[in-house]
Amino acid sequence: MIELEGVPELIDPVMVAAFEGWNDAGDAASTAVAHLDREWKGEVFAALDAEDYYDFQVNRPTVFVDGGVRKITWPTTRLSVVRIGGEKPRDLVLVRGIEPSMRWRSFCNELLGFAHELGVELVVILGALLGDTPHTRPVPISGTTSDADLARRMDLEESKYEGPTGIVGVLQEACTHAGVPAVSLWAAVPHYVSQPPNPKATLALLNRLEDLLDLRVPLGELPEDARAWQVGVDQLAAEDSEVAEYVQTLEEARDTAELPEASGEAIAREFERYLRRRDGGGPSSGGHATADGGEGGSYRREGPGGRTRSSKPPKPEAGGTDETDGEDSSEE
């Protein structure tokens, strides 16, 4: 039984979801939803029963002390609501949790029950995967949907992915079968620096979400964090000639692939984002998914300051994978 007492009637609600785990390389997606919740002061109105969906030997509860009393926080998925003000206010229903250990279909049905009761008009699911993309270039973001009409209207790719999937792919497919429009936005995280956090990928996801929903997200210190992250990775790469050479190879592949796409459309999109910000906007643990659907994260060792660096980066094969492959094969 779904109880939604205390939740006001929502205005044009959109559900934005992200899940820690296999779908969340660098914690980029879950951090993006956490940022929205923090900046807009979200109010939690529901939490799924942890007993139903989580293996506590995989996702263990944590103990904390509150006023001298020991308490336990159980791993779960929580829903909160935020209202975006402006001339045309609207609401976001934020879903943030951990990829469930079991009963995925029931898990998705429960979330869809909330979406139905709240009158959600669109579900946007954020994810991040490991890819052959250089940290020195803009983060590739792919937007996919299983709905051909929605793909045309929102300038998205119709998903063609086949292979292993996570809760992001399962939830999107459940939305499709339930007749709820759903979109997935995926950030490609450099596999050679996959340890969280990755503020640059989080920032890229939020920018793409702004474009998709025509809203302005307060970014706070995130842009500065992203710049500091890139400087830190630059310094680590400079200390290892093999890593520096590998990054250069990725840069060349990326630049060659993107040369024909430096279009007026991309420039216009960036300019529209600039205008929104200048004018205050319109309505205002294990491995991770990889571009080929596998599990990544093996090219890592601790560098100075606890940052991650590549131990022996794989040499690209002839005609090897670049970020375009990551975009084409993101989970649905």
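**Note on helix packing and the sheet**

1. Helices α6 and α7 are oblique to each other (angles under 35 degrees count as roughly parallel, over 145 as roughly antiparallel, 65 to 115 as roughly perpendicular, the rest as oblique). They pack at an angle of about 140°, and their axes lie 8 Å apart (axes are lines fitted to C-alpha atoms, for helices over the stretch in contact; angles run from 0 to 180 degrees between N-to-C directions). Helix α7 covers residues 222-238. From α6, the contact draws on P199, K200, T202, L203 and L206; from α7, it draws on L222, P223, D225, A226, W229 and Q230 (contact: heavy atoms within 4.5 Å). By class, these residues divide into 7 nonpolar, 2 polar and 2 charged (nonpolar: Ala, Val, Leu, Ile, Met, Phe, Trp, Tyr, Cys, Pro; charged: Asp, Glu, Lys, Arg; polar: the others, Gly among them).

2. The model is predicted, so to speak of local features requires a pLDDT of at least 70 and of side-chain atom pairs 80 or more, whereas totals for chains, interfaces and linings use all residues. Numbering starts from 1 along each chain as its sequence is written, and side-chain values use heavy atoms, without hydrogens and water.

3. The average pLDDT of the protein is 82, and 77% of the residues score at least 70 (pLDDT: the predictor's confidence in each residue, from 0 to 100). The value is below 50 over residues 281-285, a stretch with 13 contacts in the model beyond near neighbours in sequence. It is also below 50 over residues 297-330, where 76 such contacts occur.

4. Helix α1 (residues 28-39) packs against helix α6 (residues 199-213) at an angle of about 60°, with 8 Å between their axes (helices, H or I of at least four residues, and strands, E of at least two, are DSSP runs numbered from the N terminus). That angle makes α1 oblique to α6. Here A28, A29, T31, A32, H35 and L36 of α1 meet A201, T202, L205, L206 and L209 of α6. The contact of α1 with α6 comprises 8 nonpolar, 3 polar and no charged residues.

5. Helix α3 (residues 104-118) and helix α5 (residues 167-178) have axes 10 Å apart and an angle of about 55°; α3 and α5 are therefore oblique. On the α3 side, W104, F107, C108, L111 and L112 take part, and they meet I167, V170, L171, A174, C175 and A178 in α5. The contact of α3 with α5 holds 11 nonpolar residues, with no polar and no charged ones.

6. The open sheet has 8 strands with mixed pairing, in the order β2-β5-β6-β1-β7-β10-β8-β9 (two strands pair if DSSP finds at least two bridges between them). Its edge strands, β2 (43-47) and β9 (157-158), each pair on one side only. Within the sheet, β7 (residues 122-131) and β10 (residues 182-190) run parallel over 9 bridges, and V124 stands opposite V183 in β10.

7. Helix α6 also lies across the strands β1 (14-20), β6 (90-98), β7, β8 (141-145) and β10, and runs at about 155° to β10.

8. Two backbone details deserve a check by the reader. The peptide bond from P196 to P197 is cis, with omega near 0°; P197 belongs to the loop between β10 and α6. D27, which is not glycine, has a positive phi, near 55°, and is placed in the loop between β1 and α1.
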